[in-house]
There are 2 protein chains.
Amino acid sequence: MPTLRIALAQDNPVVGDLDRNAELIRSAATAATAAGAHLLATGEQSLTGYPVEDLALRHSFVEASRERLARLAEEIAADGNGALPVAVGYLDADGSVPANIGAVGGRGIRNALALIQDGKVLFRYYKRHFPNYGVFDEERYFVPGHELHLARIGGVDVAFTICEDVWGGVPIAAAAQARAGLVVNVNASPYEQGKQERRRAIVEQRAAEAGAPIAYLNIVGGQDELVFDGGSFITAADGRLLASGRRFGSELLVADLELAAAGEGDLANHSATEMSTVLHVLSEEPAAVETRIEPPFAPELDRLEEIWEALRLGLGDYVRKNGFKSVVFGLSGGIDSALTAVLARDAIGADKVHVVAMPSQYSSQHSVDDAADLAERCGLHYSVEPIQPMVDAYVSQIALSGLAVENLQARVRGTLLMALSNQHGHLVLAPGNKSEYAVGYSTIYGDAVGGFAPIKDVYKTLVYELATWRNEKARSLGETEPIPENTILKPPSAELRPDQKDTDSLPDYEILDGILAGYVDSDSGREDLLGQGYPADVVERITGLVDGAEYKRRQSAPGTKITIKSFGKDRRLPITNQFRGKPGRGK
Amino acid sequence: MPTLRIALAQDNPVVGDLDRNAELIRSAATAATAAGAHLLATGEQSLTGYPVEDLALRHSFVEASRERLARLAEEIAADGNGALPVAVGYLDADGSVPANIGAVGGRGIRNALALIQDGKVLFRYYKRHFPNYGVFDEERYFVPGHELHLARIGGVDVAFTICEDVWGGVPIAAAAQARAGLVVNVNASPYEQGKQERRRAIVEQRAAEAGAPIAYLNIVGGQDELVFDGGSFITAADGRLLASGRRFGSELLVADLELAAAGEGDLANHSATEMSTVLHVLSEEPAAVETRIEPPFAPELDRLEEIWEALRLGLGDYVRKNGFKSVVFGLSGGIDSALTAVLARDAIGADKVHVVAMPSQYSSQHSVDDAADLAERCGLHYSVEPIQPMVDAYVSQIALSGLAVENLQARVRGTLLMALSNQHGHLVLAPGNKSEYAVGYSTIYGDAVGGFAPIKDVYKTLVYELATWRNEKARSLGETEPIPENTILKPPSAELRPDQKDTDSLPDYEILDGILAGYVDSDSGREDLLGQGYPADVVERITGLVDGAEYKRRQSAPGTKITIKSFGKDRRLPITNQFRGKPGRGK
């Protein structure tokens, strides 16, 4: 069997920053050539970043993507790496890019992969299956391709597919029909808990169907709300794991694969009902591999470490990709802001983290002490700004009571943090957790203020688990535990009125999170939850709060639309949009 | 030719409020029976409201929709209106409703129309074409139907279609093949400028293709960001307008139509490649019509009146459907808050409108005078709350300068308004216009604070046009002009520093809005805009601001997702979600 040395560039692109992403691919080509690779694959939309959202509907962006691809091919050749076939993900269109792509019927845009060599594009493959659920909307943007391309490299027929193609399966069936010796599947697959196991399982199944190994390449890095976790891997037709890359970090994964030689005849030029196949012969002779290299096997991460790494990378990349030099947020002495502080330190370094204690008349002494203790343990920039003078200025101006005064305190804190952000250029972090956001137990324009909410998708019970895990990790490394024990042990409170406890308004977090996990994450209905043993009145109240809090989770006010293009679902730009400019934060 | 008396219920449903919507349909059936109608049609998803967004992925909601439909059929029969065939829009599923509909491949939900009579469902039609652009996402939720249903009523074969079906065209071709005598097309079609002309044009074309009249029924009312403008109409095969309903209001439109009698044979039971047809015979004998009624023809609205009515209805329904009794916002003396005030008065009545002048040290006397003048002219609840004491409390606590102090003033105002909202239950309105939001010329958590932004999609130049038009309308009716002339004539300013003018930071609004209309509404690129004669530096700056302001337009902080279901694109509930609860506004 011929051996092919394949290189998978698990890189961290930025949406819209074509030049930066092209540089990553160019560097990978240099490294892969130096490593003696016979083929380099890069991620889904490695040139444009993923997800480009409504940039895909912008004429000028699609044209820029095509033009940059052509130039990249020339650059790689000029670098002396032209002999290496490189698979590049990018945006394409049929023929000339249409004007007003977003209008009804005006689509024709492709989620594409080009194989480039010797300064030229050898072929363009168009993704066949589109994810259109959850965070994905690809049916809004793309039309499917119906032609699978194979490249004969060193006597092996390699088929190229993109992401959902491996779940949908039609291109895999076409690759099997064409007797491909290897299937490359390039991805931009966002992390979620348990996702890697599901990827491995589907790829095992498809490799068996294809009768050939599948090289599954994923990108890495945070992009707005998504974090891509890397973890690229290669699975044999019999299900064996042949190599695996690290999670949550960039890597050029190189492996030598013994693969079936291309068959005789025209099996790889085939016209089936579902998908036709086209073979491009690059080299018939088996490639020379003098010294076999050991394939990499990255360590598997345990559940909490995996989540921590996802949160750390997501926060760090949000700060970096948006060009911030530092962050600021309120440190209350409670568990949420404590966990946020340790995450921020781990993500961008203690010197870039500014925390502010903002005690009110209802803040307990232990809150201020615990906040100071944590800042000291973590080496953060720490200051104290009592809020009572500002609160008093409002309440002496207008008559306020009850909830209005509770929320006022949170809003004074939000206003203080935004003033510090405007004055010093810090990104404000919002330390709210998923349990709070789900039921609306937060103050809009108050503690919900911020440019990024690192633990927005972390339930309160998981906040505690992560805090305990992070302290244990520090202990195991002989470091100071970053989170004061009292912060973990004391009952949670918003401290907006005397002796307030979270449990005054909410059930115990074990019960709350159980209901939320069913109602939010699994679409369990009221009866399912009753069947799980939760009390009827609690289920009724919590599900009502979740639905009612929808506005607070969005915060930006809706307004009547009178034009087809406005700001809403029909103009959905990535927040990190390096194509035109950088997001502002102040006025 | 037989005559059919058709009734179109142009009603205002609320998303998720099945009982309320069922009552509307029941009342329409009573009125249509009293009017001697032979057929009643109601809007797309008239029972569930539109758009239901992710409620379509909730098992319990789809089941509730089906169950409520069956009960509605019985109720209409019990009312003594069972003889009337009634077309009802609702959500359905194939077989039993699947659990976890939102998961990959788990879909099977139908955007459906049922014809009910005598307490029973005669047939269920499933929408064939789905809009999946702009504000629409129907491909996320629904699977298409492939069977057109016709009902023979009074000897006429009536085909039933839903909304996009008339744009896509396949069901119309099937109706033509089946020689339908009438095509009913029920819609939930949101308003946009010029939309009614486009609807009329496509329906004319399709009526010619069908060789039969098309009755185009639209719903009416504001639903979150969308406003449905009614304006139902009936077009003959030769393009003549046979009847038209009012815009922006509920109406039962009744018209007598002379229609082709059903042919012999089985033309209407047909199996074509694209769509098969099924005929249901309700009554073969031509219906008796004793006294012909005159068809209604509603007046056409001019451009500015149409926009005004859209904004008025959108705001009014947002307030009503979310259960608010009153609104509050800041009245600066400038044009945006002035227009918002008149809109609010026209939408919900002066007695429910609370306005607050919040002068700072930089506010001019004319600002305070103009605000008081407008409040007086419009009869609004007016108060003055100077913000300097609160601003001073912040700046004596932390060192602030420049932009940080400008934004602070706006945030103190936002905090004051939210405190009044929490104390008194008012909905806060954000009076920002589209030009400002587009370029980020507003303060996040400051003047952008609010639960609804009535003129969010109105460019500044259109704000001036509407203000002038509204004053002229008052003059023509012999009423006081609501907006002080000085508010319209003076140069706009945020008044956040001495002698500030909008033109310090932005080009003239004619130029700004011209660039925005191209870049935001038409996807014109930089080169297109240069070709239109805009200066290169201005184009570069404005397009960069638009992209950079994306975060401010969203306001709610993104956060790393670690679960498949979180709050973001994969859990998109209507804000007005009456199915479970009401949206909260305070903590």
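A: The account below begins with the annotated residues, continues to a neighbouring helix, and ends with cysteines and backbone geometry.

The model is predicted. An unreviewed UniProt entry lists A:Asn407, A:Glu436 and A:Lys552 under "binding site". Such annotations may be inferred rather than shown by experiment.

A:Asn407 belongs to helix α11 of chain A, which covers residues 403-424. Its relative accessibility is 0%, and because buried means under 20%, A:Asn407 counts as buried.

A:Glu436 sits in helix α12 of chain A, residues 434-439. With a relative accessible area of 12%, A:Glu436 is buried as well. When neighbours within four places in sequence are left aside, A:Glu436 is in contact with A:Asp336, A:Tyr441, A:Ser442 and A:Asp447.

Helix α12 also takes part in the packing of helix α16 of chain A: the buried residues of α16(A) pack against α12, α13 (460-476), α15 (502-505), α17 (526-531) and α18 (536-548) of that chain. Helix α16 spans residues 509-521 and is mostly covered, with 10 of its 13 residues buried. Among them are A:Tyr509, A:Leu512, A:Ile515, A:Leu516, A:Tyr519 and A:Val520, together with A:Asp513 and A:Asp521. After α16(A) comes A:Asp523, which has a positive phi near 55 degrees.

With regard to cysteines, a disulfide is a covalent bond between the sulfur atoms of two cysteines. A search of the whole structure finds zero disulfides over all chains. A:Cys378 is buried at a relative accessible area of 5%, and B:Cys163 is buried at 7% relative accessibility.

The backbone deserves a separate remark. Most residues other than glycine have a negative phi, and most peptide bonds are trans. In chain A, the bond from A:Tyr50 to A:Pro51 is cis, with omega near -5 degrees, and A:Pro51 lies in the loop between β2 (39-42) and α2 (59-81). In chain B, a cis peptide bond joins B:Tyr50 and B:Pro51, with omega about -5 degrees; B:Pro51 lies in the loop between β2 (39-42) and α2 (59-81) of chain B.

A:Arg179, not a glycine, has a positive phi of about 55 degrees. This residue is placed in the loop between α5 (170-177) and β8 (182-187) of chain A, and A:Arg179 is exposed at 57% relative accessibility. B:Asp499, also not a glycine, has a positive phi of about 55 degrees. The loop between α14 (485-489) and α15 (502-505) of chain B holds B:Asp499, which is exposed with a relative accessible area of 71%.

Definitions and conventions: Residues are numbered from 1 along each chain as its sequence is written. Chains are lettered from A and ligands numbered from 1 in the order in which they are written. This is a predicted model: local features need pLDDT of at least 70, side-chain atom pairs count only at pLDDT 80 or more; totals for chains, interfaces and linings use all residues. Side-chain values use heavy atoms; hydrogens and water are left out. Helices (H or I, at least four residues) and strands (E, at least two) are DSSP runs, numbered from the N terminus. Buried means under 20% relative accessible area, exposed over 50%, partly exposed in between (1.4 Å probe, protein chains only). Contact means heavy atoms within 4.5 Å. A disulfide is a pair of cysteine sulfur atoms within 2.5 Å.
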